[in-house]
Amino acid sequence: MTKSPLIALAAALTLAAPAAAQVKLNGAGATFPNIIYQDWMLSYNKAHPDVQLNYQSIGTAINGNVLHIPTVLGGDVPTYNLPEVKETLRFTPDVLADIYLGKITKWSDARITSVNRGVKLPDADIVVVHRSDGSGTSFIWTDYLSKVSSEWEQKVGRGTSVNWPVGLGGKGNEGVTATVKQTPGAIGYVELGYAMINKIGYVELGYAMINKLPAGSVRNKAGKFITPGLQSITAAAAGAMNSMGAGTDFRVSITNPDGDKAYPIASFTWLLLHKQYDDAAKATALVKFVWWAETEGQARTEPLGYAPLPKQLRPWVEARLKTITAGGKPVWTTAAR
């Protein structure tokens, strides 16, 4: 069975000392949504001082029989270190697969130059960079490569962690970003937000971000070269609603979708929530935060490189949140509204 792509937050909740009158919610999981989760938690903490949230981007975590609640849409982008190339590079699916299989080793390879006419590419070695840790970002990338390359599917396959045929490993999106930036001729895959903006530190409610990395365009299933962006990622999700229903657990792969405008390496990301909790205070605080993220928090997604969820999903998400209990009683009645 194929593992779920992005398991973002396996919520491990602890309650602060009673005297503090504050609920602490601690979670850990994928680096893919880390930028938006940090922003959400800082914003929510400021507006709700009775709740303290903390999230550590340590890589995808899966823990037990849980609910998958979608939070945002994101995409993996091929990013590269070729400072002499000013144009946006184009990549075909087979070229990306064969680069990561170690079969294409030079930037001047005819299969790369043939779709980048007019671009002067160096006769330099390609240095492949991949994740060294298990991650939802890697699942999206390998899920896509498995769909477009039978050789990749047979030899490597899809997973949060795979046996990479070639390349250097970097921990987290941050590690891959840093390795690509420091390695001439490197190519890597990162979540779109990390290609758009490079975090150098926190400011009051967000990031101080500089140093953009180039993101290549990728030929989609319809034969169009699509530059990764929020609209093209939303287009990738447009067809997903047709294969989903109100009772779904929302684990739907949307890589290599149909559609002229669809970016082909995109995915939902999810929060991972337990179905039952022992502590009603923690469970109530958690559901309140999740519903805020599903509604008000969506307005904060686009500036940070994520596409907001379709509003049509909200009733389905609400229905799933209503199934969460604490001490055998539904949490929703005292939580979200």
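1. Let's begin with a term: a pocket is an open set of points, on a 1 Å grid over the protein atoms alone, where a 1.4 Å probe fits and protein lies on both sides within 12 Å along at least five of seven lines. The model you are looking at is predicted, so local features need pLDDT of at least 70 and side-chain atom pairs count only at pLDDT 80 or more, while totals for chains, interfaces and linings use all residues. Residues are numbered from 1 along each chain as its sequence is written, and side-chain values use heavy atoms, leaving out hydrogens and water.

2. Now to the largest pocket, which holds about 160 Å³ of space. That volume is the space filled by probe spheres set on the grid points. Lining residues have an atom within 4 Å of a point; among them here are Tyr80, Pro83, Lys86, Lys181 and Leu213.

3. Have a look at aspartate 143 next, which sits in helix 4 (residues 136–148); helices are DSSP runs (H or I) of at least four residues. Is aspartate 143 buried or exposed? Aspartate 143 is buried, because its relative accessible area is 4%, and buried means under 20% (1.4 Å probe, protein chains only).

4. Who are the neighbours of aspartate 143? Leaving aside residues up to four places away in sequence, aspartate 143 touches Arg158, Ser253 and Thr255, where contact means heavy atoms within 4.5 Å. With threonine 255, the side chain of aspartate 143 makes a polar contact of 2.7 Å (a pair of N or O atoms within 3.5 Å, one able to donate a hydrogen and the other to accept it).

Conventions
Helices (H or I, at least four residues) and strands (E, at least two) are DSSP runs, numbered from the N terminus. Buried means under 20% relative accessible area, exposed over 50%, partly exposed in between (1.4 Å probe, protein chains only).
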